[in-house]
Amino acid sequence: MAQKILIAYATRYGATEKIAKKISEYIIGECTLVNIANDVVDVTLYDRVIIGTSVYAFRANSAFKKFIKKQKQALLSRPLAVYLCGIMGEDEPLSLDMKKNILGEELFDHAQLVKSMGGELNFNKMNFLEKSIASKVIDKFKNKGNPLPPKDENGIISTIIDEDICVFCEELNSKSS
């Protein structure tokens, strides 16, 4: 019988959801995707849980923070993996302390895997202030000699790499067998 896997995510502009859908394609098991900003979910109905959040200015999505606070005991009672979605991927990962701060030390220590998965800057969905901040982030990368990819035809800059998602899922699949 296939494991029931919950992939719960909180997204601001859609990149975290995009990664959740990719994970559901690569992970072995019967996956249910839930946007925790919009839906209520009973974590105890699942064998394993994968949670993801967008990260802006080193802070997790507020719906994600509420979810992990409310569901903490249930999350601690089953295998857990976490992915963090921000313009920085594993090449420029959030520090260990930042990851612990986002999850809380107990959930961080319990998680089988915590990975930064890259993200997107979607200028079409940003307000003026967000565009201004995003432009400063782009400049920071350029000044460090590590420019971000160019905008695609939809005005999106993406640092999401499918291979990183595959590796994340392969690690999780190996832990469940």
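**Ground rules.** I worked on a predicted model, where local features need pLDDT of at least 70, side-chain atom pairs count only at pLDDT 80 or more, and totals for chains, interfaces and linings use all residues. Residues are numbered from 1 along each chain as its sequence is written, and side-chain values use heavy atoms, with hydrogens and water left out.

**Strand 3.** I took helices (H or I, at least four residues) and strands (E, at least two) as DSSP runs, numbered from the N terminus. I called a residue buried under 20% relative accessible area, exposed over 50% and partly exposed in between, with a 1.4 Å probe and protein chains only. I looked up strand 3 (residues 48-56) and found 8 of its 9 residues buried, so the strand is largely enclosed by the rest of the structure.

I then listed its partners, counting two strands as paired if DSSP finds at least two bridges between them. Strand 1 (residues 4-10) runs parallel to strand 3 and is joined to it by 6 bridges; here Ala10 stands opposite Thr53. Strand 5 (residues 80-85) is also parallel to strand 3, with 6 bridges, and its Leu80 is the bridge partner of Val49. Strand 4 (residues 59-60) is antiparallel to strand 3, with 2 bridges, and its Arg59 stands opposite Tyr56. The hairpin of strands 3 and 4 has 2 residues between the strands, and Ala57 takes a positive phi near 55 degrees there.

**Helix 6.** I checked the length of helix 6 (residues 128-143).

Which residues of helix 6 are buried? I noted Glu130, Ala134, Ile138 and Phe141. They cover an arc of only 80 degrees around the axis, which puts them on the same side of helix 6; the arc is that of the directions from the helix axis to the C-beta atoms. The buried residues pack against strand 7 (120-122) and strand 8 (156-158), contact meaning heavy atoms within 4.5 Å. On the face turned away from the buried side I found the exposed residues Phe128, Leu129, Lys136 and Asn143.

At the N-terminal end, Asn127 caps the helix, with a side-chain oxygen 3.0 Å from the backbone nitrogen of Leu129. Just after helix 6, Gly145 takes a positive phi of about 75 degrees.

**Aromatic pair.** I searched the whole structure and got 1 aromatic pair. Rings of Phe, Tyr and Trp (its six-membered ring) pair if their centres lie within 6.5 Å; planes under 30 degrees apart count as stacked, over 60 as edge-to-face and the rest as tilted. The rings of Tyr83 and Phe168 have centres 6.4 Å apart and planes at 75 degrees, so the pair is edge-to-face. Tyr83 is in strand 5 and Phe168 in helix 7 (residues 162-176), 85 residues apart. Both Tyr83 and Phe168 are buried.

**Two single residues.** Is Ile157 buried or exposed? Ile157, in strand 8, is buried, with a relative accessible area of 4%. Its contacts, not counting residues up to four places away in sequence, include Ile87, Leu121, Phe123, Ile138 and Pro149.

Val40 is exposed, with a relative accessible area of 80%.

Methods. Polar contact = N/O pair within 3.5 Å; in protein donor to acceptor, adjacent residues only side chain to side chain.
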